[in-house]
Amino acid sequence: MTNKSWEPKIVCFACRWCSYAGADMAGTSRIQYPPNARVIRVNCSGRVDPNFILRALKLNADGVLIAGCHFGDCHYVSGNYQTSRRVALLKEYLKEIGIEPERLRLEWISAAEGQKFAETMKAFVNEIKLLGPNPLANGGPE
Amino acid sequence: MSTEQPKIGVFICHCGSNIAGVIDIPTLVEYAATLPNVVVAEDYRYMCSDPGQDLIRERAREKDLNRVVVAACSPTLHEPTFRRVLGSIGLNPFFFDMSNIREHCSWVHTHEEEAALEKAKDLVKMAVARAAELEPLQEKEVDVKANVLVVGAGISGIQAALDIADAGFKVYLVEKEPSIGGHMAQLDKTFPTLDCSSCILTPKMSLIGQHPNIELLTYSEVREVEGYVGNFKVKVERKPRYVIEEKCTACDDCVEVCPVNVPDEFNAGLGWRKAIYIPFAQAVPNAHVIDTEHCLGMTPIACGKCKDACEAEAIDYEMKPEILELDIGAIIVATGFKLFNALRQLEYGYGKYPDVMTNLEMERMLSAAGPTEGKILRPSTMKKPKHIAYIQCVGSRNERYNSYCSRVCCMAALKQARQIREKYPDIKVTIFYIDMRAFGKGYEEFYETTAREYGVNFVRGRISEIRGSFESDRIVVRGEDTFLAQPVETEVDIVVLSCGIEAAKDQGELARIFGIQLSADGFFLEAHPKLRPVETNTDGIFIAGAAQGPKDIPDSVAQAKGAAASALSMVAAGRVKVQPYTAVVNEDLCAGCGICEASCPYGAVKVVDNIAQVTEAQCKGCGTCAAACPNEAIAPQHFTMDQIIAQLDALFKEAE
Ligand SMILES: Cc1cc2nc3c(=O)[nH]c(=O)nc-3n(C[C@H](O)[C@H](O)[C@H](O)COP(=O)(O)OP(=O)(O)OC[C@H]3O[C@@H](n4cnc5c(N)ncnc54)[C@H](O)[C@@H]3O)c2cc1C
Ligand code: SF4
Ligand code: SF4
Ligand code: FES
């Protein structure tokens with residue numbers, strides 16, 4: 001259930017080479033987007049340990065966004081391929097524990113794609129608003 | 001975590017009104033002061049300025065701070081600045097964290113002051129939590145190989161190579177074509193002074209060929225780059241020329257016997273060359289090359305005429321591709337541009353009407369060494385034209401193709417129009433433009449003189465249609481004169497399309513090989529658009545010339561010299577600092593399962609005697625191993641589990 005005043009709280013892991021720089025680019029281009037997410041800077045999307053995601057969701061994060069370089073562009077060659085595999089597995093696990101897998105989103109955003117960063121934020125916030133608050137809040141799904 | 005109790009100072013920057021205009025700074029400061037371990041929170045107009053830095057130093061001394069958080073712009077910009085401040089007062093520079101409340105907050109939530117404040121609070125809270133978990137690290141210094149690899153030998157690569165070689169360092173210059181020179185070699189004269197392009201380029205080209213410090217690798221391409229700043233391992237493929245450079249005397253005996261005619265790239269397809277050829281008279285190296293795509297076959301059965309004709313015995317049909325492995329200190333990528341393909345903008349009839357040509361083709365036609373020996377002729381009739389129309393911004397400033405301005409086509413059109421009028425005062429020249437851009441030194445003057453003294457006509461407006469005339473063999477150009485607000489229609493004999501400048505076809509592939517990024521327009525991305533225009537985000541790799549964005553020769557040369565100076569300061573110092581983010585294993589937790597080994601993109605971690613071991617020199621600190629390890633036994637420094645968890649907990653755990 002959503003009420004009007006509820007605003008989803010989102011954490012975004014962004015790799016410093018592409019997506020963090022893409023978020024910076026949204027800033028320098030003054031592209032406006034909803035203020036729901038907080039970015040954590042990591043070296044590579046490959047650094048994002050599934051435990052970070054689970055911890056965030058267990059602490060009632062309404063959504064987790066992982067943003068990295070496009071395939072082939074990862075500063076560490078193949079880090080993002082591993083990310084993509086891990087996220088796929090984790091989504092399956094989320095289903096099992098009663099969390100909508102859509103709460104975890106993976107996007108490839110390059111250093112030049114400020115626009116895409118902003119649009120991803122808009123789309124993700126809207127999607128999470130439709131899903132409503134994290135089901136683990138108030139003691140988990142019924 | 002070190003045992004010392006964290007004492008954190010939080011310093012919040014107004015960035016003039018960039019941050020303070022949106023975020024309520026006093027409230028944010030007040031909030032920061034309440035966070036765990038924070039002993040002082042203050043704000044200042046410009047934290048990165050000298051007084052701002054002094055403020056941090058003073059407070060750190062007074063309050064005996066051992067951690068510093070600055071909430072300001074992106075760490076990409078000023079993390080190094082503030083780390084130096086810590087270093088200057090004897091604090092470990094890695095006891096520092098930054099919250100990005102400008103790019104990630106005030107600039108993107110400009111009209112949501114309350115939400116922006118809440119976000120800024122969270123970002124500061126997260127940074128403070130992470131700061132408490134930071135560990136002191138030592139920046140490592142590594143040796144820098146005393147040489148530079150320059151990739152691409154247009155004017156940019158040539159200039160960069162010469163500057164570095166003159167300073168006494170070894171240069172490997174890799175060019176994918178059989179000769180160096182790039183686009184400049186194809187130009188006839190150059191704006192704004194109308195120097196003959198070859199006259200100013202050829203001396204530089206021969207210097208390259210002779211310089212004792214330059215190893216020139218033409219007809220070669222970089223296939224692989226590994227390693228890191230100061231110590232790149234580069235694989236260069238030398239494609240077989242089938243002609244031994246050192247033996248070839250450029251006598252052209254082979255060319256005379258070769259039976260195959262191929263459209264000549266150097267003359268923009270306006271002339272012909274043979275399957276064995278020298279790209280142009282001043283080519284460096286001045287040696288032939290066999291174009292295997294068109295050669296009938298390098299055997300006596302298929303042809304083999306050139307080999308028989310060559311008295312110098314320079315032709316070797318058995319030549320094989322060769323891979324060179326180079327150890328390199330710094331790299332400059334200067335791979336230039338590609339001309340917009342006029343076939344894409346259908347309405348202009350390129351490819352359909354032989355008398356519609358590109359600006360580069362006109363450049364070759366104007367050249368005394370070109371296919372018409374400098375005579376202006378209609379390609380369809382080989383007769384002198386009466387009226388030539390230029391259409392500006394082909395493929396540029398157009399959402400359908402490239403939205404940017406290509407920067408050289410206006411001046412190139414003015415230059416060519418002037419040359420045509422100089423040679424043939426009876427040929428009428430009309431330039432159809434959106435607006436003329438003559439921004440460089442001496443350019444506006446050049447524009448005015450061309451209009452006033454050379455009688456070139458200018459019509460402002462986009463051309464909507466080009467078609468063959470129904471009455472004659474001429475071409476009809478139609479559009480609107482936006483000054484007079486009336487349609488224009490005129491018959492001309494030649495249409496020159498001012499095609500724009502585009503990123504090379506393989507630009508993305510090159511970016512991948514060098515581990516650098518592209519900007520939205522497809523060119524290479526610089527580390528900062530204003531302050532670091534020749535650096536990339538990869539330490540030790542620099543960019544120059546039209547590969548970074550459309551540029552004329554003066555700008556390309558200036559940037560090449562900048563890139564050369566930046567690379568030089570690195571190789572001349574002989575040592576460079578690298579960030580100490582390598583992975584560390586907690587031997588108590590490691591089970592020796594080897595999962596990290598399988599996940600590391602660099603083979604930097606191996607299980608030895610049941611414990612993972614990291615080879616520091618190979619580890620780049622990506623952290624992929626850490627995310628894979630089931631026991632949390634391995635993590636890159638400065639991005640440890642505790643540090644990241646601290647941020648998450650700060651963000652999501654309700655304050656009790
Ligand atoms: C029609 C026209 C007229 C012009 N007239 C003028 C003028 O009058 N005055 C002026 O100032 N400017 C003029 N310009 C602009 C000028 O051509 C450019 O500024 C200049 O050529 C840029 O030099 P560059 O070395 O950066 O790139 P380029 O000239 O494109 O050279 C790049 C080099 O890198 C090589 N290369 C590409 N990829 C690879 C790879 N993967 N590996 C190895 N090598 C590679 C290429 O073969 C080439 O030799 C004109 C441009 C055009 C199109
Ligand atoms: S994955 Fe973890 S436990 Fe397994 S060997 Fe590597 S560091 Fe040790
Ligand atoms: S951080 Fe781990 S995965 Fe990345 S390079 Fe170092 S050892 Fe390999
Ligand atoms: S560095 Fe961006 S995903 Fe690996």
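This is a predicted model: local features need pLDDT of at least 70, side-chain atom pairs count only at pLDDT 80 or more; totals for chains, interfaces and linings use all residues.

Let me begin with a term: a polar contact is a pair of N or O atoms within 3.5 Å, and within protein one of the two must be able to donate a hydrogen and the other to accept it. By that rule, 24 residue pairs are in polar contact across the interface of chain A and chain B, both partners having pLDDT 80 or more.

For chain B, the mean pLDDT is 95, and 99% of the residues reach 70 or more.

The size of an interface is often given as the accessible area lost when the parts come together. Here, chain A and chain B bury about 4,400 Å² between them, with 57% of that on carbon and sulfur atoms. Three arginines, A:Arg38, A:Arg41 and A:Arg47, supply 15% of the area that chain A buries against chain B, more than any other three residues.

One of these arginines also takes part in a salt bridge: the side chain of A:Arg38 meets that of B:Asp122, at 2.8 Å from N to O. In total, five salt bridges are counted between the two chains.

I turn now to the ligands. Ligand 1 has 37 residues around it, and those that come nearest are B:Ser156, B:Glu175, B:His183, B:Lys415 and B:Lys551. A polar side-chain atom of B:Lys415 lies 2.8 Å from an oxygen atom of ligand 1. The backbone of chain B also approaches this ligand: a polar backbone atom of B:Lys176 is 3.2 Å from one of its nitrogen atoms.

Around ligand 2 there are 14 residues, the closest being B:Cys590, B:Cys593, B:Gly594, B:Cys596 and B:Cys629. This shell divides into 11 nonpolar, three polar and no charged residues.

Finally, the residues surrounding ligand 3 include B:Cys600, B:Cys619, B:Cys622 and B:Cys625, as well as B:Lys620. By class, the shell of ligand 3 has nine nonpolar, two polar and one charged residue.

Definitions and conventions:
Residues are numbered from 1 along each chain as its sequence is written. Chains are lettered from A and ligands numbered from 1 in the order in which they are written. Side-chain values use heavy atoms; hydrogens and water are left out. A residue is near a molecule or strand if one of its heavy atoms lies within 4 Å of it. Ala, Val, Leu, Ile, Met, Phe, Trp, Tyr, Cys and Pro count as nonpolar, Asp, Glu, Lys and Arg as charged, and the others, Gly among them, as polar. Buried area is the accessible area (1.4 Å probe) that two parts lose on being put together, summed over both. A salt bridge is a side-chain nitrogen of Lys or Arg within 4 Å of a carboxyl oxygen of Asp or Glu. pLDDT is the predictor's confidence in each residue, from 0 to 100.
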